[in-house]
Amino acid sequence: MDTLKRRHFLASAASVTLASAAVSRVSMAALPEPVVQTTPQTQPPLVPNTGRPYNPVVTLNGWTLPWRMNQGVKEFHLIAEPVVREMAPGFKAHLWGYNGQSPGPTIEVVEGDKVRIFVTNRLPEHTSIHWHGQRLPNGMDGVTGLNQPGIAPGKTFVYEFTARRPGTFMYHPHADEMTQMAMGMMGFWVTHPKGKHPLIDPVDRDFCFLLNAYDIDPGSYTPKIMTMLDFNIWSWNSRVFPGIDSLNVRHNDKVRIRIGNLTMTNHPIHLHGHEFLVTGTDGGPTPKSTRQYEVTQDIAVGQMRQLEFVADEEGDWAFHCHKSHHTMNAMGHKVPTLIGVDHTDLARRIGKLIPDYMVMGERGMADMSEMEMPLPENTAPMMTGDGPFGSVEMGGMFSVLKVRRNQKPGDYSDPGWFKHPAGTVAYEWKGAPLPMKRSTEAGKGSMPRQSNQSIEVKVQKPSHSHKH
Ligand SMILES: [Cu+2]
């Protein structure tokens, strides 16, 4: 994990952490050193070297958060902060996330683990974390105002609970949720079973990602947080095709894909070339008697699903949301041109009027120098992706399952395009065209044709006289 950059900020944060009454309850020398990830590339599985063993997951275009063991408790440190996320090559977004990225790192624990999560808030407003789907003490559920006060900017809170049931979970703020989730604050959580489980099979590859959505006009960087339905960026782990890494597996691998939906609409996720079983839902592993083979699984808002299959067909198989508008990138028409807007000067001038004003993403980041660079239009093409046969004409929630005989166990690298055996690719018909002949039987049966005259259909458009 040499791409992980460790950030030392304990000295500057010391006054902050000591000021928190919650932290002082925990007997410890210091907070766990926060680990920050700077690349959006899929990181290899984090094989556990402390605590109970398990078979780690691979987070698509993401990573798993390392922990430290403290007297039998697994300790994690999440930093809620503004981040710059490359959503696809040439397209960056100013989001809010955790530990350098949106979504935040995946948290992996084992059933029965005692877990302590430190959450430091570096956002300009209060936050909290709700551990979506977990059994835990009510005061650890993270709903601001209901279960705890919000975590003020600069403060650190501690969440402690035992991961009681194995399964697929998520985490996200429960404070100014509309803003903070629209800005990208969310993460994945996997609780592995301790030992053999009758309903949880061991797999060779275990992938996970979140469905998320943004409204970012082409040429701008920050999501519009008031959008309720009309999003234009449909992403997996805050990446859009062709920025989403392929899922690379070995032929005949048993594969599990865990998906959580934190958008505002449902997504029918469709896999080509294989049938899968839904082996897990929000409530944990599904009873075997309820499992049936599917090629599409609808995932509703707030739901998690586990899809499992044996990858026994070689090739490059499309894997995508089946809503065709969700496999496209930004389609904005009323686009304000922000290219060339000098945010540095804007911030300085507004700062005279509002002393605390800051441009999104300013705190703790070097984005201002980036803004002064000459920028190309910051967006991803609506339909794009160069495949071996031309443009794939996709965007958004689209990736490829690559099944290869020579993919080594544990190797997640991209094997390149599939080399089709001779005679197995659709081809153009080069023979004589078939004669076209119209049927003379039309109109028979229960609905006989009345006359040979053609019927004209008049379309009356609604008038626009009323004012909006
Ligand atoms: Cu969709």
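User: Which residues make the nonpolar surface patch of about 340 Å²?

Analyst: This is a predicted model, in which local features need pLDDT of at least 70, side-chain atom pairs count only at pLDDT 80 or more, and totals for chains, interfaces and linings use all residues. Residues are numbered from 1 along each chain as its sequence is written, and side-chain values use heavy atoms, with hydrogens and water left out. Patch residues have over 30% relative accessible area and no salt bridge, with nonpolar side chains joined within 5 Å. The patch is made by Met228, Leu229 and Met264.

User: Is leucine 229 buried or exposed?

Analyst: Leucine 229 lies in the loop between strand E13 (205-214) and strand E14 (233-236); strands are DSSP runs of at least two residues. Buried means under 20% relative accessible area and exposed over 50%, with a 1.4 Å probe and protein chains only. At 58% relative accessibility, leucine 229 is exposed.

User: Which residues coordinate the copper ion?

Analyst: Donors are N, O and S atoms within 2.8 Å of the metal (3.2 Å for Na, K and Ca); water is not among the atoms, so sites may look incomplete. The donor residues follow the spacing H-x53-C-x4-H. At 2.0 Å, the copper ion is coordinated by His267 (ND1), Cys321 (SG) and His326 (ND1).

User: In what sense do E17 and E23 pair?

Analyst: Histidine 267 lies in strand E17 (residues 267-271) and cysteine 321 in strand E23 (residues 315-321). Two strands pair if DSSP finds at least two bridges between them. E17 and E23 have three bridges, and their sense is antiparallel.

Technical notes: Helices (H or I, at least four residues) and strands (E, at least two) are DSSP runs, numbered from the N terminus. Patches are made of residues with over 30% relative accessible area and no salt bridge: like charges are joined within 9 Å, nonpolar side chains (Val, Leu, Ile, Met, Phe, Trp, Tyr) within 5 Å. Accessible areas come from the Shrake-Rupley method with a 1.4 Å probe; for residues, only the protein chains shown count as cover. A salt bridge is a side-chain nitrogen of Lys or Arg within 4 Å of a carboxyl oxygen of Asp or Glu.
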